Amino acid sequence: MMASMFILCWLRFFSSVECRLDERFYEKTCPQVEKIIANSVNNSLLLRPRLAAGLIRLQFHDCFVNGCDASILLDATPSGEPVEKTSKANGFSSKILECIDQVKADVERECPGVVSCADILAYAAREAVVQDGLPHYPVPGGRRDGVSSSAKGVAGNLPSPSDSVKTMAELFVRKGMSVEDLVALSGAHSIGHTHCKHLHKRLYNYSSTQAQDPSMDLAHYLSLKSSCPKPGALSKEVTDKLMVPLEPSTPLRLDTVYYTQLLNGKGVLQSDQALTNDPTTSGIVETFAQNPSQWAAGFTDAMIRLGKVDVLTGHEGEIRRNCRAVN
């Protein structure tokens, strides 16, 4: 059996992540790791339910920039250059990062120096998904932690709120994922919030001939406009803090109401609404809106694939003792 597995991996030229990540990776070295992480994350979510959206986003932002190596958690690196988390495209709240700190501390007490921060991110995101209503899915372990992190590396590797479907789809394909994965994972926007500054162009300066995005439902437009005043109406300090829910009907539950809202012209982000306007993705949106179980399966499958993007394994990288610093 071992010989056949070796040959299989050899035939794949050691390129398949399937040969390097394993759902039983910690079976002997830290058998309780998933239970420890589930308990730790769930304790945090009991106090702050909105952290779930941040944990899912944290894994996505980590994996799409330099691979799933927990580089987004580093406060500094030996190079001294600004790290990923300082990029304007990130900006995670301190509470989300403290949640990961607590998970790492809980794991280290049981299994010191064994479980990587990259694996912790993947397990923590899974627990957030489950707590907010979707089925449990398997997460293979074996990722190693990176030793570099650069804010400059973020540019071009994360979707922006104004991206076209073409731009987002090309990014996903570049990461080894599909257009269906793009639409499925966009459903994470059924929870969480966004800053009003990401909506100003859509609400007030859409084009040279139209102030607002014409694809928006009128009542939805007026509601967002009341929550996000025109730039200059308030001080920049106040404006920068204003936020709105990405899906106000069920803001703490991952569900397909998000897709129904898109079909009704009630998407919050321009990049979300664009999914219904592009023939490449509009049919997938309709399918997910009508089939919640199909979307749930698509979302969890996409999360599994996300966790395999450009991972470090074997002797690559390290197992950090502190997720915020290289050893």
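I counted cavities and got 2 of 30 Å³ or more. The model I am working from is predicted.

**Cavities**

I took the largest cavity to begin with. It holds about 40 Å³ of space. I listed its lining: Gln59, Ala122, Tyr137, Val139, Pro140, Arg143, Met303, Ile304 and Gly307. By class I find 6 nonpolar, 2 polar and 1 charged residue there.

Next I looked at the second largest cavity, with a volume of about 30 Å³. Around it I find Leu246, Glu247, Pro248, Tyr258, Gln261, Leu262, Lys266, Gly267 and Val268. That lining splits into 5 nonpolar, 2 polar and 2 charged residues.

**Largest pocket**

I then turned to the open space. The largest pocket has a volume of about 1,400 Å³. I find 45 residues in its lining. Nearest its centre lie Arg57, His61, Ala89, Asn90 and His193.

Which element gives the most to this lining? I find that it is H3, with 7 residues. I also noted the elements that supply at least two lining residues each: H3, H4, H6 (165–174), H7, strand E1 (193–195), H12 (270–277) and H14 (292–306). By class, the pocket lining has 23 nonpolar, 15 polar and 7 charged residues.

**Helix H4**

H4 is among the elements lining the pocket, and I checked its geometry. It runs over residues 94–110, 17 residues in all. At 1.5 Å a residue I expect a span of 24 Å.

I looked up burial along H4. Ile96, Leu97, Cys99, Ile100, Val103, Lys104, Asp106, Val107 and Glu108 are buried. I note that this list includes Lys104, Asp106 and Glu108. What do the buried residues of H4 pack against? I find helix H2 (33–47), helix H3 (51–64) and helix H5 (117–131).

**Asp181**

My last entry is on Asp181, which sits in helix H7 (residues 179–186). H7 also supplies at least two residues to the lining of the largest pocket.

Is Asp181 buried or exposed? Its relative accessibility is 3%, so I count Asp181 as buried; the cut-off for buried is under 20%. I then looked for a polar partner. The Asp181 side chain makes a polar contact with the side chain of Arg305, at 2.6 Å. Leaving aside neighbours within four places in sequence, I find Asp181 in contact with Phe172, Ala302 and Arg305.

Key
Residues are numbered from 1 along each chain as its sequence is written. This is a predicted model: local features need pLDDT of at least 70, side-chain atom pairs count only at pLDDT 80 or more; totals for chains, interfaces and linings use all residues. Side-chain values use heavy atoms; hydrogens and water are left out. Helices (H or I, at least four residues) and strands (E, at least two) are DSSP runs, numbered from the N terminus. Buried means under 20% relative accessible area, exposed over 50%, partly exposed in between (1.4 Å probe, protein chains only). A polar contact is a pair of N or O atoms within 3.5 Å; within protein, one must be able to donate a hydrogen and the other to accept it, and residues adjacent in sequence count only if both atoms are side-chain atoms. Contact means heavy atoms within 4.5 Å. The expected span of a helix is 1.5 Å times one less than its number of residues. On a 1 Å grid over the protein atoms alone, a cavity is a set of points where a 1.4 Å probe fits but cannot get out, and a pocket is an open set with protein on both sides within 12 Å along at least five of seven lines; lining residues have an atom within 4 Å of a point. Grid points are joined across faces, edges and corners, and a volume is the space filled by probe spheres set on the points. Ala, Val, Leu, Ile, Met, Phe, Trp, Tyr, Cys and Pro count as nonpolar, Asp, Glu, Lys and Arg as charged, and the others, Gly among them, as polar.
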